Amino acid sequence: MNTVSTLTREQTLREMGLGPVWKLREQPVRESSLVGGCDEVLVSQDASSNDWPALQSTVLDCRLCTLCQQRKQAVLGVGDVQADWLFVGEGPGADEDEKGEPFVGQAGKLLDNMLAAIELKRGHDVYIANAVKCRPPGNRTPTDEELNSCRPYLKQQIAMIKPRLIVTLGGTAAKTLLQRDEIKVGSLRGQVHEYEGIPLIVTYHPSYLLRSPMEKAKAWEDLCFMRRTMFDLKQ
Ligand code: URA
């Protein structure tokens with residue numbers, strides 16, 4: 001784990017509007033939720049091949065849904081391909097579509113600060129991906145069809161990275177991995193779910209936190225929870 005100076009961490013917490021460091025009173029409740037069948041075999045690659053260039057080029061050329069029509073480029077993901085931590089957002093926005101990297105706009109700035117608050121850094125034992133790889137026009141929520149088309153790519157990324165812990169940022173990422181129709185982040189957070197045997201924690205999307213700063217306190221609880229969960233997973 002990277003070390004971040006106390007000052008930086010305090011600055012980070014201030015940036016998140018969280019003030020002093022909070023201590024959690026409760027222990028995590030462990031919950032296994034069965035993941036529904038996600039059998040798409042559109043990515044023919046063998047997970048053990050770890051062929052990132054092949055996956056990148058498949059995604060860049062993808063035309064499985066209409067999101068390809070307005071994208072500047074598909075955005076596969078960024079970071080350490082052997083990371084313990086995998087963070088999954090919803091889909092690229094305008095900045096990400098332009099730069100080809102997830103979470104590089106305002107939400108990305110907040111995500112970086114959230115990572116720093118638990119002594120993590122983009123690219124260092126952390127990989128960041130999205131539920132869909134192409135920007136939904138006007139940043140609308142991806143449809144079920146778009147999520148279904150893109151899920152095999154995320155599934156392939158997970159199979160190759162083999163993270164110890166997946167963190168879904170917002171309801172859309174939770175929906176695509178937990179295969180549920182209705183996702184309420186508020187009722188799924190604070191528990192350890194599971195995606196194909198990998199522990200999965202649900203928290204708020206940074207864009208939502210930018211719109212609803214009062215929820216940052218809960219996001220801080222979630223950060224502490226995920227850090228504690230990772231600690232337990234490494235024992
Ligand atoms: N929001 C997301 O969900 N992903 C990004 O990459 C950027 C903003």
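Reader: How many aromatic pairs does the structure hold?

Author: This predicted model holds 3 aromatic pairs. One of them involves the rings of Trp52 and Tyr127.

Reader: What makes Trp52 and Tyr127 a pair, and why is the pair called tilted?

Author: Two values are used to describe a pair of aromatic rings: the distance of the centres and the angle of the planes. The centres of the Trp52 and Tyr127 rings are 5.5 Å apart, and rings pair if their centres lie within 6.5 Å. Planes under 30 degrees apart count as stacked and over 60 as edge-to-face. The planes of Trp52 and Tyr127 are at 40°, so the pair is tilted.

Reader: Which parts does the pair tie together?

Author: Trp52 belongs to helix α2 (residues 52–60) and Tyr127 to strand β4 (residues 126–130), so the pair ties together parts that are 75 residues apart in sequence.

Reader: Which residues surround the ligand?

Author: Gly89, Glu90, Gly91, Glu96, Pro102, Phe103, Asn130 and His205 surround the ligand. This shell divides into 2 nonpolar, 4 polar and 2 charged residues.

Reader: How much of the ligand's accessible area does the protein cover?

Author: On its own the ligand has 230 Å² of accessible area, and the protein covers 93% of this. The ligand sits in the largest pocket.

Definitions and conventions. Residues are numbered from 1 along each chain as its sequence is written. This is a predicted model: local features need pLDDT of at least 70, side-chain atom pairs count only at pLDDT 80 or more; totals for chains, interfaces and linings use all residues. Side-chain values use heavy atoms; hydrogens and water are left out. A residue is near a molecule or strand if one of its heavy atoms lies within 4 Å of it. Accessible areas come from the Shrake-Rupley method with a 1.4 Å probe; for residues, only the protein chains shown count as cover. On a 1 Å grid over the protein atoms alone, a cavity is a set of points where a 1.4 Å probe fits but cannot get out, and a pocket is an open set with protein on both sides within 12 Å along at least five of seven lines; lining residues have an atom within 4 Å of a point. A molecule sits in a cavity or pocket if more than half of its atoms lie within 2 Å of its grid points. Ala, Val, Leu, Ile, Met, Phe, Trp, Tyr, Cys and Pro count as nonpolar, Asp, Glu, Lys and Arg as charged, and the others, Gly among them, as polar. Rings of Phe, Tyr and Trp (its six-membered ring) pair if their centres lie within 6.5 Å; planes under 30 degrees apart count as stacked, over 60 as edge-to-face and the rest as tilted. Helices (H or I, at least four residues) and strands (E, at least two) are DSSP runs, numbered from the N terminus.
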